[in-house]
Amino acid sequence: MTAIPLRTRRKFLKDLGYISVGFSLLGACSGVEDPMMAERIAFEGPLPGSMGRAKNVNAWLQILEDGSIRVLSGKVELGQGIRTAIQQMAAEELDMDLEMVQVHLAETSVTPNEGYTGASASIQNSAMSVRYAAATARQELLGLASTKLNTPITDLLLYNGKVKSKQSKESLTFAELLEGVQIEREVILPLPIKDFREHRYVGKAIPRTDILDMVNGKAVYIQDLRFPGMVHARVVRPPGYSSQLISLDESGLRKEVSGVMKTVIKGSFVGVVTKREYQAIKAEQYLKNHSAWTATSTFPKPENLYAHIKMIATGPETVKNEGDVAAAFESAETLKATYSKPYIKHASLGPACGIALFDGEILHLWSHSQGIYPLREALATMLTIDANKIHIIGVPGAGCFGHSTADDAATDAAILALEYPGKHVRVQWSRHDEHSWDPYGPAMITTLEASLDKNNKINAWKTEVWTDSHSTRPNKDAGTVLAARYLDPPHRMKSRGYLGGGHRNGDPYYRIPNMTLNAHYYEGPFRTSSLRSLGSFTNIFALESFMDALAEKAGQDPLEFRLNHLEDDRAIEVIQKVKVLTGSQNILDGEGIGHAFMRYKNTDAYIAVAAKVAVDKDQGNIRLIKMWAAVDVGEVINLDGLTNQIEGGMIQAASWTLKEQVTFNTNKITSTDWANYPILRFPEVPDVEVAIIDRPNEEAKGAGEVPVPPTAAAIANAIYRACGKQVYDLPITPEKILKASSKMLHSHTNYSTPNHFVKAKNEPPLPASPLSKPPSPV
Amino acid sequence: MPTYHLHINGSQKEIETEADTPMLYVLRDYLELNGPKFGCGLSQCGSCTVLIDGKASTSCLLPISSIGEAKITTLEGLASHSGKLHAVQQAFVDEQAAQCGYCLNGMVMTAVGLLNTNPNPSESEIKNALEGNLCRCGAHTRIIQAIKTAAKNL
């Protein structure tokens, strides 16, 4: 870890100069000795976005009878460890033992409406809101104690659920101070918060407590919930997106499958309710075999996917335009390259599950949705019932890394529970449906063009991005939930969702005087939505591969070339750190180390990634040996949670980079299980090493998406260094390596013009699809 | 419906169900165990792994009628009667070897199966043993470390 000065520039914090409660863990726990007082400093803002909707302390934090704290957060636990991070925040500000803080996540009408759990924003919004609510609660409790104990605040100690007078040693519990009333006070700035130098939890590697529950087989996930009398259900999904039900013959169902309670047919939505889970699976199969559907719309030929995308795309829409790129390109030789990425799946290990109970008045739903309030709006529209009649309880699910199928399973359960009231109806999706109906991360094309000046610095840069929507998450438009599209009448999705995610990180963070970023939006053949880091994955794969190409053109070391275009000290430091991490590596013949840098969204966390690979030149086989990351997310909340996110994100992105793509033919999606949608398996997994640069005086930024985008480029650059082959189209497979020519800049085999390191006046031909038949390995 | 007598986690269980019901559904739906997870139903991901006579096996395609006298151990049956965790369970906690943890059952059970026959596995032996177990979060390196730690503490 890099040591950083304790006192550096502070944007929002200034020293208030008074001493408040401090803490000695030992003393507090034993009760023998009163703790020291920790310094508080004034936080002047801004408050997190989540507080815009919930400013009062009691929206975030409640004091319980026994003096313990219940924290309320609208976010969902999906393996990112947010529960522990939130617990740390409250315990820190209120100087409590962690065990005295319980965290209540995501439940409509109970927790704040924080929209979606996504965009790496849970720390920035939820955890920070809890920090400020807890700090405000502390002020309130000290004020009340001062009055009741007739003691000035400066003579009070607040810790572990009580406030005590230093002089009289008299103390009152939080519950005694509040007398049954919660703290309604608004969070107002400036607000005294604990000086980070006095932190005992925040910034530390506090272990998660839920892993103990996992190894013990406790009911952790929505799939583990059981209720008395609960019944099981499956939905018979159509053979394709636009298929409609023609007929269904269920006459022999009950003879064939035991335990069938009800078949539900509403338009083209078909569900079946059974007593036992495996009976539901058999009943679904029976109904699938005894139903007729209209043909679905066709898909483009896989080898024409990228041409199809360019054909149907609109635009370009100029997202950013600085200086005069056209003029700069007029007087210079330019380098141009096109990069592409196929559709990729969320591919959660646990297929979606939803449980619903209609009690005659209220529809209760248990869901691993990332946005319970928006889901409630979609369901209210679909079912034409008042949102207040829908009660949704967030329950952890398997990691899904974006908007996947959780909302759809909840919607299935809601429809079936209304048809089968009085019982908990549990809908479990199959692997086939999870892989087939998932809203994929969209296929993308990113074309880059740049010129160097006489000092070998980038003078002008142009990015063109072709992208579908990167978020079709639920909202009041009922068509955002899958089953609604098959009801009678169907709800069509009205909007395109969030298009802007496609050009995220399309504009380099490097200092370049002339820069244009254009986006072309297409509405493609597959259902798409947000997948970890949205468009940044493709864009940074393109940008950071291209930076290596430009560095080679400039005759410079790739990292030095990047540093020559950076002025931000934090950016420079992550690059220098990763250089140190990889500095002592021995590079054997056939091996290479590649690097990539990113500042996420160009406003958030900094990361530099390195990858070491070995490439077998005859077979093209790639062995990923090790990956490194140097990361700066600002203030670190949970050191181990952060490290875990970065390690895991690099491994997941390595899997995307080397293995993953949705496959299809003109009639259907063909990657419907793990055999035909392979992901990285243990023998292929590299070592990983992560260095965190903690900057407690800088705003904490999210980490979940951060390791993903630079990983692809680091691997691609390492492969180039190992074997001299540059692959422009993901995933990077042995076949593509063998097919690629061995000269950088001229090696883009997808171009018919072999040498595109020329003043690029004409649009180059489209890259071939990754799905076209690869040549046989040599 | 036929009745089956199964040895599960040291006890005898009587289950009345269809002969083709896979073991995974017997464990989760009838015996209300949470350890084995449904991940694919195709024996491709390892989430549903249990021990059959000490050997790790997926349970999602295994019909109850094929079990016979075999002794089944699930995640719930690893700890001692006094509640002391198995060395592998403890190592997963100590190494914080999980993100979402959905795959964890399969990782722990496969590791126990490995250590039953090979108490000192090399890193490549660990990786090969876990080849059938998928993890989407990328907790692989922590999982490998946890198994190394468990081998030391066995």
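1. In chain A, four strands make up an open sheet whose order is E24-E25-E26-E27, and the pairing within it is mixed. The edges of this sheet are taken by strand E24 (591-599) and E27 of chain A, each of which has a single partner strand, so one side of each is left without a neighbour in the sheet. On average, and with direction ignored, neighbouring strands here are turned by 15° against each other. It should be kept in mind throughout that this is a predicted model.

2. Within that sheet, E24(A) pairs with strand E25 (residues 606-615) of chain A in the antiparallel sense, and the pairing runs over 9 bridges.

3. Turning to chain A as a whole, the chain contains 19 helices and 27 strands. Its radius of gyration is 28 Å, close to the 28 Å that the globule rule gives for 778 residues, so chain A is as compact as a globular protein of that length. The C-alpha trace of chain A spans about 85 × 75 × 45 Å along its principal axes. Of the 778 residues in this chain, 57% count as buried, and among its contacts with a separation of 6 or more, 78% come from residues 24 or more positions apart.

4. As to the interface, 47 residues of chain A are in contact with 45 residues of chain B. On the side of chain A that touches chain B, the elements giving two or more residues are helix H6 (210-215), helix H8 (277-289), helix H17 (639-658) and strand E27 (687-692) of chain A. The one that gives the most is H17(A), with 8 residues. By residue class, this side of chain A divides into 22 nonpolar, 13 polar and 12 charged residues.

5. Chain B has an open sheet of its own, in which 5 strands follow the order E2-E1-E5-E3-E4 with mixed pairing. Strand E2 (11-16) and strand E4 (55-57) of chain B are the edge strands, each pairing on one side only. From one strand to the next, the twist averages 40°. Strand E1 (residues 3-8) and strand E5 (residues 71-73) of chain B pair in the parallel sense over 2 bridges, and B:Ile8 stands opposite B:Ile72 in E5(B).

6. A further residue of chain B to examine is B:Leu114, which has its place in helix H3 (residues 104-117) of that chain. B:Leu114 counts as buried because it has 22 C-beta neighbours inside 10 Å, the cut-off for burial being 20 or more. Leaving aside residues up to four places away in sequence, B:Leu114 touches B:Pro121, B:Ile126 and B:Ala129. With B:Ile126, the separation is 12 residues in sequence and 7.8 Å in space, taken from C-alpha to C-alpha.

7. On confidence, the model scores ipTM 0.98 and pTM 0.92. For chain B the mean pLDDT is 97, and 100% of its residues reach 70 or more.

Technical notes
Residues are numbered from 1 along each chain as its sequence is written. Chains are lettered from A and ligands numbered from 1 in the order in which they are written. This is a predicted model: local features need pLDDT of at least 70, side-chain atom pairs count only at pLDDT 80 or more; totals for chains, interfaces and linings use all residues. Two strands pair if DSSP finds at least two bridges between them. Axes are lines fitted to C-alpha atoms, for helices over the stretch in contact, and angles run from 0 to 180 degrees between N-to-C directions. The radius of gyration is taken over C-alpha atoms; the globule rule is 2.2 Å times the number of residues to the power 0.38. A residue is buried if 20 or more other C-beta atoms lie within 10 Å of its own, exposed if 12 or fewer, and partly exposed in between; C-beta atoms are placed from the backbone. Two residues are in contact if their C-beta atoms, placed from the backbone, lie within 7 Å. Ala, Val, Leu, Ile, Met, Phe, Trp, Tyr, Cys and Pro count as nonpolar, Asp, Glu, Lys and Arg as charged, and the others, Gly among them, as polar. pLDDT is the predictor's confidence in each residue, from 0 to 100.
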